[in-house]
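I open this notebook to keep a record of what I looked up in one protein chain. I go from the whole chain to single residues, and I write down each term where I need it.

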Amino acid sequence: MTQLDFSLGIGAEATYGAPVTVTRFPESDAQLSYEITTVDGKGMRPTKAVKRLLRNSVSKYEGKGSISLDVTTRGFGFLLAAVLGNVQNTMIASSTPPLYQQNHTLRNTDPVPSYTIQELLPTLGGNNTFPHTFTGCVFESLELSAKEGGILEAVLEVVTRAMQTDQAAAAPSYPTSDGLFTFVHGAVRIGSATAPTLPGATALGTWVGVADAVNVRDVTVRVKRNLDGNGWNLGGAGLRSRRPVLGRAEISGSITAEYTDNVLRDAYLQQTPLALQLTFLHDAAVSSGGSATTAALQITIPSLRLKGEVPKSNGGETITQSIEWEAFDNDVAAQPIVISYRTLDTTP
């Protein structure tokens with residue numbers, strides 16, 4: 001056993017904060033912390049020039065952190081559902097073995113789901129592995145980034161209620177026949193003439209009349225749920241006594257594009273609403289007869305506005321535009337974002 005033998009497991013809780021055995025094990029790196037807040041009494045006392053231990057008390061427990069991982073063709077739907085909250089799962093009958101298409105959309109009703117997250121941390125020297133079990137974990141945000149020549153990456157932010165060290169370690173297990181989505185598998189469409197058609201139950205979204213962009217170096221998509229920061233109430237013994245509740249979600253991101261035309265510049269200057277469709281089709285096909293269906297991940301955003309920038313000189317190098325954007329509900333499309341995930345997983 002070495003320092004490389006770290007593992008992370010996640011399980012959906014039936015009751016907020018009540019630990020469950022973790023069942024999903026993404027290949028990931030996690031940075032989870034647990035903070036204990038203390039307070040000091042204000043009273044003064046002769047001969048006591050230093051804070052007194054008897055007047056120092058715990059006032060609050062809170063954990064938080066991030067989980068970073070490469071996006072794979074299996075298992076990622078579980079994490080998408082943890083952040084977005086709603087999922088429609090349908091078998092694609094034409095593929096053998098069957099693929100399933102998960103369409104993930106924003107949940108707009110409380111309560112949000114909670115999870116148990118367990119880290120298995122190897123000690124220096126490889127003598128043992130100790131479990132850190134975080135309960136009452138709620139997923140706050142998701143960031144997906146596709147960068148030139150790289151793997152599609154995800155970062156998820158979580159907040160946790162409590163940390164336990166007495167829970168038994170769950171043995172990690174991993175799916176078979178899973179691959180990575182990479183820059184090679186990706187294509188992006190950005191335009192304003194017509195909005196993309198949202199995905200169907202077993203069909204990916206389409207966009208007639210808009211071609212794949214050929215000048216985009218990287219795309220980042222962020223979904224932030226803006227969960228509330230309250231819930232430390234009397235009777236909770238310093239722990240959060242309820243689940244966080246949903247705030248107004250933010251959908252945003254960025255694009256880096258080479259300066260080949262003025263489409264993005266003019267859309268920014270005129271504040272023209274655009275749409276974005278980012279699609280990854282894995283090159284491992286699941287075939288049935290003469291047809292083939294591939295694992296896929298597609299993000300469809302019907303309405304966004306650019307925040308800048310205009311092109312400027314780059315010292316003789318290729319001119320690029322690094323453009324931030326924000327998505328909106330345009331009152332026309334049924335959803336402000338849909339993330340479709342085609343996978344061999346039978347359930348998210």
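The entries below follow the order in which I looked things up.

**Entry 1: ground rules**

I note that this is a predicted model, in which local features need pLDDT of at least 70 and side-chain atom pairs count only at pLDDT 80 or more, while totals for chains, interfaces and linings use all residues. Residues are numbered from 1 along each chain as its sequence is written, and side-chain values use heavy atoms, with hydrogens and water left out.

**Entry 2: the whole chain**

I looked up the secondary structure and found 2 helices and 16 strands in the chain; helices (H or I, at least four residues) and strands (E, at least two) are DSSP runs, numbered from the N terminus. Taken along the principal axes, the box filled by the C-alpha atoms is roughly 80 × 50 × 40 Å.

How much of the chain is buried? Of the 348 residues, 43% are buried, where buried means under 20% relative accessible area, exposed means over 50% and partly exposed lies in between (1.4 Å probe, protein chains only). The chain exposes about 17400 Å², and carbon and sulfur atoms supply 52% of that area; accessible areas come from the Shrake-Rupley method with a 1.4 Å probe, and for residues only the protein chains shown count as cover.

I also looked at contacts, meaning heavy atoms within 4.5 Å. Among the contacts with a separation of 6 or more, 72% are between residues 24 or more positions apart.

**Entry 3: helix α1**

Is helix α1 enclosed or open to the outside? I found that 9 of the 9 residues of α1 are buried, so the helix is largely enclosed by the rest of the structure. The buried residues include F76, F78, L79 and L80. I picked A82, which is found in this helix (residues 76-84), and A82 counts as buried because its relative accessibility is 4%. Leaving aside neighbours within four places in sequence, A82 is in contact with P113, Y115 and F139. After α1 comes G85, whose phi is positive, near 105 degrees.

T160 lies in strand β8 (residues 153-160) and counts as buried at 6% relative accessibility. Not counting residues up to four places away in sequence, T160 touches several residues, among them Y34, E62, F134 and C137. T129 has its place in strand β7 (residues 129-146) and is buried too, with a relative accessible area of 18%. With neighbours within four places again left aside, T129 is in contact with M1, L120, L121 and P122.

**Entry 4: backbone details in loops**

Which peptide bond is cis? The bond from D110 to P111 is cis, with omega near 5 degrees, and P111 sits in the loop between β5 (99-106) and β6 (115-122). I then looked up T47, which has a positive phi of about 70 degrees although it is not a glycine. T47 lies in the loop between β2 and β3 (56-70) and counts as exposed at 78% relative accessibility. A237 is not a glycine either, and has a positive phi of about 55 degrees. The place of A237 is in the loop between β11 (216-224) and β12 (250-258), and at 67% relative accessibility A237 counts as exposed.

**Entry 5: charges and salt bridges**

The chain has 27 positive and 32 negative side chains, with the centres of the two sets 12 Å apart; Lys and Arg count as positive and Asp and Glu as negative, while His and the chain ends are not counted. For each charge, the place is taken as NZ of Lys, CZ of Arg, CG of Asp or CD of Glu.

The structure holds 12 salt bridges, each being a side-chain nitrogen of Lys or Arg within 4 Å of a carboxyl oxygen of Asp or Glu. R74 and D345 meet through their side chains in one of them (2.9 Å, N to O). R74 lies in the loop between β3 and α1 and D345 in the segment after β16 (338-343), so the pair ties together parts that are 271 residues apart in sequence. R74 and D345 are both buried.

D228 forms a salt bridge with R240 (3.3 Å, N to O), and the side chains of R242 and D228 also meet in a salt bridge (2.6 Å, N to O). D228 is buried, with a relative accessible area of 18%, whereas R242 counts as partly exposed at 28% relative accessibility.
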